[in-house]
Amino acid sequence: MTTPTRTAVLEKLALLTRRLPDDLYMDDAAFMENMKSCNLGCDDIERYKCWEWPQGIGLFCLWKLFVSGENPETLTLLKSYFDRQLQIGLPTLNVNTLSPMLALSFLAEFTREERYLAPCRLSADWMLEHFPRTQQGGFQHTTSDAVNREELWTDTVFMSVLFLANMGRILNDERYKQEAEYQFLLHVKYLQNSETGLFYHGWTFEGNHNFTRALWARGNCWLTIAIPEYLTISSCDAAVRRFLVSALNRQVDALLACQDETGMWHTLLNDPTSYLEASATAGFGYGILLAAEAGLIPADRRRLAQRALAPILDNIDLCGIVNRVSYGTSMGRTSLEFYKTIEFSPMLYGQALATLFLHAFLQQEEAWNRTTD
């Protein structure tokens, strides 16, 4: 398989980054319509319009572009976005509305402005004191429109726990640090499949099972990204670090075994009859590059990302829209067919994950070439 040229990557990355500022305000009509009758916070649903988990992924991506030093104007964009949303008022806290807080916490640390730090501190305290809990103290995956009683989901570690870990680092607060550490351990314990090393989408304490035992691709990529990001943020205990690195390596080994010949991954990782999905593929590519750069996985595992690069470029059209992105996915509770029938839709998280992947490739090109000769 031929690796795309640097010029080809730069061209597609330029298309993506040009769109990202506007994509933060991308309308999710289906979600907003559902919120009219299922708003658990009982607050103004307009507050959720641009402050949900897709924005969390997009903002995290923009922060990464800023700290790389290549997009200094991004700082102005981020401040403008957060100033606007803070003026509107933030929605009720839950797993998904905590997601934008990760980028806000980085911004607060960088600017040292209390107007950014104060809502982060309040949100982190809320997580310790009021976050709905499952048995054994897990963060219940309660969202803006669903309680999901006694359920752990892979999504939670990226959407919420990374923010808490970052606040623990910024404020040197052991309460935050210890809680984030525990949540990572608990989620890996109940969600990692012992036979393959891949992760199930969810776990319920009410039935003590993993629902349909779905090895859902995008749910898996949240762990591929979250573990190396967490280990960069956290100075956790050596034994915990060893445990998480082991879990990550088992997952990446399994991803090698189930990667499609095209370089993409299927939306159900162990089901080649399920469709190939771009957001998960880009997420795996980014997470693998991140982990290899940090020395958490063998350097030659970059080959998985190399194989994924060409098909991701092929799925970015001339308008910078990433195609083959599955629409936001709830839990498949009764049938694996549920995952196979979810429609494709351009989504901010697809745009952001592809951007992170291409940017990481360019940042690591020299190391990449050494392992692919």
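This is a predicted model: local features need pLDDT of at least 70, side-chain atom pairs count only at pLDDT 80 or more; totals for chains, interfaces and linings use all residues.
A pocket is an open set of grid points where a 1.4 Å probe fits, with protein on both sides within 12 Å along at least five of seven lines. Keep that idea in mind, since two pockets feature in this tour.

- Two or more lining residues come from each of H3, H9, helix H11 (278-293) and H14.
- Which helix gives the most to the lining of the second largest pocket? That is H14, with four residues.
- By type, the lining of the second largest pocket has six nonpolar, five polar and three charged residues.

**The largest pocket**

- Here 34 residues form the lining, and Phe31, Trp53, Asn96, Asp145 and Gly328 lie nearest the centre of the largest pocket.
- Helix H2 (29-38), H3, H7 and helix H14 (348-363) supply at least two lining residues each.
- H2 provides the largest share of this lining, with four residues.
- The lining of the largest pocket splits into 16 nonpolar, ten polar and eight charged residues.

- Which residues of H5 are buried? They are Met101, Leu102, Ala103, Leu104, Ser105, Phe106, Leu107, Ala108 and Thr111.
- The cover over these buried residues includes helix H3 (53-67), helix H4 (74-88), helix H6 (114-130), helix H7 (155-171) and helix H9 (217-233).
- Just after H5 comes Arg112, with a positive phi of about 60°.

**Where H6 meets H7**

- On the H6 side, the residues in contact are Leu117, Cys120, Arg121, Ser123, Ala124, Met127 and Leu128.
- On the H7 side, their partners are Ser160, Phe163, Leu164, Met167 and Leu171.
- The residues of this contact divide into nine nonpolar, two polar and one charged.
- A handy rule for reading such lists is that an α-helix has 3.6 residues a turn, so residues three or four places apart point the same way.

- As background, most residues other than glycine have a negative phi.
- Where does Cys42 lie? You will find Cys42 in the loop between H2 and H3.
- Is Cys42 buried or exposed? Cys42 has a relative accessible area of 71%, and exposed means over 50%, so Cys42 counts as exposed.
- Arg112 sits in the loop between H5 and H6.
- The relative accessible area of Arg112 is 77%, so Arg112 is exposed too.

Notes: Residues are numbered from 1 along each chain as its sequence is written. Side-chain values use heavy atoms; hydrogens and water are left out. Buried means under 20% relative accessible area, exposed over 50%, partly exposed in between (1.4 Å probe, protein chains only). Contact means heavy atoms within 4.5 Å. On a 1 Å grid over the protein atoms alone, a cavity is a set of points where a 1.4 Å probe fits but cannot get out, and a pocket is an open set with protein on both sides within 12 Å along at least five of seven lines; lining residues have an atom within 4 Å of a point. Ala, Val, Leu, Ile, Met, Phe, Trp, Tyr, Cys and Pro count as nonpolar, Asp, Glu, Lys and Arg as charged, and the others, Gly among them, as polar.
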